[in-house]
Amino acid sequence: PYTPLFRSRLIGMRSVGVESITLTSIVTLYALGFWPAIMMILIGVGLHIIITQGFSINNFLMLPIGALLIIIASMMHPFFGIILVGIIITIIQELIFLLMVIFLNTGRLPKRLLFFATHVFCNVILFSVFAQPLLGIFS
């Protein structure tokens with residue numbers, strides 16, 4: 001039988017993609033530059049590990065992947081607005097982690113697919129509503 005307990009064990013409890021590291025690091029990139037954005041990723045991932053009291057291979061890999069994404073975002077920065085760059089970076093990030101789950105077995109596919117969908121959805125909203133006002137505050 002398909003019960004809520006079965007569903008929580010199949011998908012996991014931390015499968016909803018609500019986070020602020022992407023938004024804050026992209027806003028920091030636009031407002032303050034490359035190195036402060038890298039520091040924002042380090043601080044954000046560090047806080048995530050402390051708050052969740054968990055360390056996984058995906059958390060560890062978020063540091064170099066986050067740096068790579070900031071490099072990509074910094075190349076797009078002169079040509080595109082912050083909202084579009086944030087959404088593109090979110091999709092690239094989720095595609096990287098989805099491929100890692102598929103090919104390196106770093107997680108469960110149903111959990112990653114749910115996180116992918118909710119993370120992109122939430123970040124479209126976050127970037128559309130908050131990116132420009134935050135940039136105005138920090139610039």
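**View 1. Helix H3 supplies the largest share of the lining of the largest pocket, namely eight residues.** In this predicted model, local features need pLDDT of at least 70 and side-chain atom pairs count only at pLDDT 80 or more, whereas totals for chains, interfaces and linings use all residues. Residues are numbered from 1 along each chain as its sequence is written, and side-chain values use heavy atoms, with hydrogens and water left out. At least two lining residues come from each of H2, H3, H4, H5 and H6.

**View 2. The chain has six helices and zero strands.** Helices (H or I, at least four residues) and strands (E, at least two) are DSSP runs numbered from the N terminus, and along the sequence they give the pattern α-α-α-α-α-α. Of the 139 residues, 38% count as buried, where buried means under 20% relative accessible area, exposed over 50% and partly exposed in between (1.4 Å probe, protein chains only). Among contacts (heavy atoms within 4.5 Å) between residues at least 6 apart in sequence, 70% join residues at least 24 apart.

**View 3. The largest nonpolar core holds 24 residues.** Such a core is a set of buried Ala, Val, Leu, Ile, Met, Phe, Trp, Tyr and Cys residues joined through side-chain atoms within 4.5 Å. The members that touch the most others are Ile26, Tyr30, Ile70, Ala73, Ile82, Val85 and Ile89, and two or more core residues come from each of the helices H2 (21-32), H3 (34-52), H4 (57-76), H5 (82-104) and H6 (109-138). With residues up to four places away in sequence not counted, Val85 touches Ile26, Tyr30, Ala73, Met76 and Phe80.

View 4. Asn59 counts as buried because its relative accessibility is 13%; beyond residues up to four places away in sequence, Asn59 touches Val45, His48, Ile49 and Gly54. Glu94 is likewise buried, at 1% relative accessibility, and, leaving aside neighbours within four places in sequence, Glu94 is in contact with Arg112, Phe115, Phe116 and His119.

**View 5. Phe34 and Trp35 form an edge-to-face aromatic pair.** Rings of Phe, Tyr and Trp (its six-membered ring) pair if their centres lie within 6.5 Å, and planes under 30 degrees apart count as stacked, over 60 as edge-to-face and the rest as tilted; by this rule the count is one aromatic pair. The centres of Phe34 and Trp35 lie 4.9 Å apart, with 80° between the planes. Phe34 is partly exposed, at a relative accessible area of 26%, whereas Trp35, at 62%, is exposed.

**View 6. Asn105 lies in the loop between H5 and H6.** Most residues other than glycine have a negative phi. Asn105, although not a glycine, has a positive phi of about 55°, and its relative accessibility of 63% means that Asn105 counts as exposed.
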